[in-house]
Amino acid sequence: MLQSFFETVLLRRVFSLLILLEIGLAYVIYTNVFYIDQATGLPILDMEVGYSAARVSEILGGYGPVERARYEIIMMADLIHPAVYASLFGGVIWSMIGRLERKWLAIVPLFAALFDWAENAAIYRMFSEPMPVDYNIVQIGNYLSFTKHALVALTVLLLTWLLLRGLWRGLMR
């Protein structure tokens with residue numbers, strides 16, 4: 001099942017569509033992140049590697065109605081963004097790993113996407129509650145944030161290693 005999924009992702013038209021979706025979603029997300037940062041000097045919680053209850057209160061309490069509306073746009077785009085990057089990066093990892101017994105590494109971005117969705121749900125809950133935000137929800141979001149960022153970092157390291165390995169092998173031929 002995993003093999004057929006990644007083989008479908010690697011079809012030229014599907015892969016091209018995923019790249020276009022990633023570019024479009026990144027544009028929507030980062031344009032709004034930039035606006036929020038310029039207007040308030042505050043980041044969004046998705047970009048923080050872990051956070052405390054005080055930090056959540058500072059960030060969410062610092063947003064005005066326009067910034068809150070922009071954050072909602074980011075949350076809407078972030079509903080499909082994890083699926084797009086997980087499919088795209090998982091497919092690339094799948095195609096770059098030669099040995100069949102190591103192809104399971106392509107699921108690392110899929111796990112990153114699962115933790116990203118879970119963190120987004122926690123952020124949405126924090127976003128929709130009155131201040132101060134419930135400490136337990138903040139702690140759950142904090143753990144999910146650390147795990148998501150660790151899995152994203154692992155994905156980047158894996159992609160970098162595969163790219164360097166491929167370049168090295170190409171130079172040695």
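## Helix 4 and helix 6

Helix 4 and helix 6 are roughly antiparallel to each other, because angles over 145 degrees count as such and the two pack at an angle of about 160 degrees. Their axes lie 12 Å apart. This description rests on a predicted model. The crossing of helix 4 past helix 6 is left-handed.

On the helix 4 side, the contact is formed by Arg68, Tyr71, Glu72 and Met75. Helix 6 contributes Ile123, Tyr124 and Phe127. By class, the residues of this contact comprise 5 nonpolar and 2 charged, with no polar ones.

## The largest nonpolar core

The largest nonpolar core has 27 residues. Those touching the most other members are Leu45, Val56, Leu60, Tyr63, Tyr71 and Met126. At least two residues of this core come from each of helix 2 (12-40), helix 3 (53-61), helix 4 (65-77), helix 5 (81-96), helix 6 (108-128) and helix 7 (135-172). The most is given by helix 2, which supplies 5 residues. In soluble globular proteins, nonpolar side chains tend to be buried together.

Tyr71 belongs both to this core and to the contact of helix 4 with helix 6. Leaving aside residues up to four places away in sequence, Tyr71 touches Ile36, Ile44, Leu45, Asp46, Leu60, Tyr63, Ile123 and Phe127. Among these partners, Ile123 and Phe127 are also on the helix 6 side of the helix contact, while Leu45, Leu60 and Tyr63 are listed with Tyr71 among the core residues that touch the most other members.

## Aspartate 116

Not counting residues up to four places away in sequence, Asp116 is in contact with Asp78, Pro82, Tyr85 and Lys148.

## Phenylalanine 34

Phe34 is located in helix 2. Is Phe34 buried or exposed? With a relative accessible area of 51%, Phe34 is exposed, since exposed means over 50%.

Phe34 and Met126 are 92 residues apart along the chain, and 21 Å separates their C-alpha atoms. Met126 is one of the residues of the largest core that touch the most other members.

Terms used
Residues are numbered from 1 along each chain as its sequence is written. This is a predicted model: local features need pLDDT of at least 70, side-chain atom pairs count only at pLDDT 80 or more; totals for chains, interfaces and linings use all residues. Side-chain values use heavy atoms; hydrogens and water are left out. A nonpolar core is a set of buried Ala, Val, Leu, Ile, Met, Phe, Trp, Tyr and Cys residues joined through side-chain atoms within 4.5 Å. Buried means under 20% relative accessible area, exposed over 50%, partly exposed in between (1.4 Å probe, protein chains only). Helices (H or I, at least four residues) and strands (E, at least two) are DSSP runs, numbered from the N terminus. Contact means heavy atoms within 4.5 Å. Axes are lines fitted to C-alpha atoms, for helices over the stretch in contact, and angles run from 0 to 180 degrees between N-to-C directions. Angles under 35 degrees count as roughly parallel, over 145 as roughly antiparallel, 65 to 115 as roughly perpendicular and the rest as oblique. A crossing is left-handed if the near helix is turned anticlockwise from the far one by less than a right angle, and right-handed if clockwise. Ala, Val, Leu, Ile, Met, Phe, Trp, Tyr, Cys and Pro count as nonpolar, Asp, Glu, Lys and Arg as charged, and the others, Gly among them, as polar.
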